[in-house]
Amino acid sequence: MSQSGQLVKGVISRAKDAPVEMVNIHVPDPGPGEAVVKVQACGVCHTDLHYVSGGIGDDYPYLLGHEAAGIVEAVGEGVTDVAPGDYVVLNWRAVCGQCRACKRGRPWYCFDTANATQKMTLEDGTELSPALGIGAFIEKTLVAAGQCTKVDPAARPAAAGLLGCGVMAGIGAAINTGGVSRGDSVAVIGCGGVGAAAIAGARLAGASTIIAVDIDDNKLAGAQQLGATHTVNSTQSDPVEAIKSLTGGFGADVVIEAVGRPETYKQAFYARDLAGVVVLVGVPTPEMQLELPLADVFGHGGALKSSWYGDCLPERDFPMLIDLYLQDRLPLDAFVTEEIRIGDVDAAFAKMHTGDVLRSVVVMDA
């Protein structure tokens, strides 16, 4: 090759709704502030499917994948926080420390998170857009060094990598955004990967009543295994009335909406206690509209919050959650439904539509 770097295999999306492809990708040597990471495992997230379907943008071709764990292979000039050989979970919130959110002590709202400056490319030089600034359905990826968070290498990569997006989003929605504390009542509407993680987070925080709401009995059974004390199939019972019935008629202290639809958001709004908290962690599509009587908004105290990436700080939260996993207090393995090869990503997308998996995880040596 005439340029520095290396060719590796990776999975891309060339156009809206087109089948994904495995191709050769040029990964540059790391420049200042960058790192090359050998990917060991990467979860197949709904966000990747949004890239394929055009729901995020049209900056094709996209290099898919972002929920990943791996080993730092090389670092560029000026990198001191990680070194070759470090075991890391990749994150898409590499806080800048300089924006107005960071300077106000709210770095989980950072407006200028870092990505690699150089671009990974196809063999013909076409620049790739990495999913969430990461792009980890690939043997080795180039990221900003701040996107690498060191964790205990005893953690299994297929489980640890899930903190890179969905599991962290759910746990953080409960603990960081919702502020769930000991003795609280919590309802979670939508028990896919993010909602199931919110249930696990509520259990970690000591909630006494955890109500799982979904239309799928299999997901509700999984929610019970992760800590739900009660389940509600919303095709059979009115979820608002059911949640109120299970909380003494008052509603839950914290209701987490993990679907991202106006209908389920309204359910969350009316299922909370008078001064309860609603947390929206489900991702809506741009055309969705929400209508609520303003008098009803005025008539409730509490708070209506959105949770971005579980309002996490990777350097604070990832090592803590990995420690809890290694202590058998956080069942990350329960989120790994199957381990697949990098060539099976399209099939994993198909399984998302059936609701048969919490997470398919690409394992590079599978």
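How many bridges pair strand 12 with strand 13, and in which sense? I looked this up first. Strand 12 (residues 209-214) pairs with strand 13 in the parallel sense, over 4 bridges. I211 has H230 of strand 13 as its bridge partner.

Ground rules for my notes. The model is predicted, so I took local features at pLDDT of at least 70 and side-chain atom pairs at pLDDT 80 or more, while totals for chains, interfaces and linings use all residues. Numbering starts from 1 along each chain as its sequence is written, and side-chain values use heavy atoms, with hydrogens and water left out. Helices (H or I, at least four residues) and strands (E, at least two) are DSSP runs numbered from the N terminus. I call two strands paired if DSSP finds at least two bridges between them.

I traced the strand order as 13-12-11-14-15-16, an open sheet of 6 strands with parallel pairing. At the edges sit strand 13 (230-233) and strand 16 (303-306), each pairing on one side only. From one strand to the next, I get an average twist of 20° (axes are lines fitted to C-alpha atoms, for helices over the stretch in contact, with angles from 0 to 180 degrees between N-to-C directions).

Then I went to strand 14 (residues 252-257). I find 5 of its 6 residues buried (under 20% relative accessible area; exposed is over 50%, partly exposed in between; 1.4 Å probe, protein chains only). Strand 11 (residues 185-189) pairs with strand 14 in the parallel sense over 4 bridges, and V186 stands opposite V254. Strand 15 (residues 272-280) also runs parallel to strand 14, joined by 5 bridges; here V254 stands opposite V277.

**Cores**

Which residues touch the most other members of the largest nonpolar core? I199 and I256 do, out of 54 residues. A core here is a set of buried Ala, Val, Leu, Ile, Met, Phe, Trp, Tyr and Cys residues joined through side-chain atoms within 4.5 Å. Helix 5 (residues 193-205) supplies the largest share of this core, 7 residues. I also noted a second, separate core of 46 residues, which includes V8, V36, M120 and C148.

I listed contacts of I256 (heavy atoms within 4.5 Å). Leaving out residues up to four places away in sequence, I256 touches A173, A174, V186, A187, V188, I189, A198, V279 and V281.

**Helix 4**

Why is helix 4 largely enclosed by the rest of the structure? Because 10 of its 12 residues are buried. Among them are G166, G170, A173 and T177. The buried residues of helix 4 pack against strand 5 (67-75), helix 5, strand 14, strand 15, strand 16 and helix 10 (314-326). Just after helix 4, I saw G179 with a positive phi of about 60°.

**Pocket and cavity**

I used a 1 Å grid over the protein atoms alone: a cavity is a set of points where a 1.4 Å probe fits but cannot get out, a pocket is an open set with protein on both sides within 12 Å along at least five of seven lines, and lining residues have an atom within 4 Å of a point. Volume is the space filled by probe spheres set on the points, which are joined across faces, edges and corners.

The largest pocket comes to about 1,600 Å³. Of its 50 lining residues, H50, A258, V259, G282 and V283 are the closest to its centre. Helix 1 gives the most to this lining, 4 residues.

I count 1 cavity of 30 Å³ or more. The largest cavity has a volume of about 50 Å³, and its lining includes V44, H46, G193 and R359.
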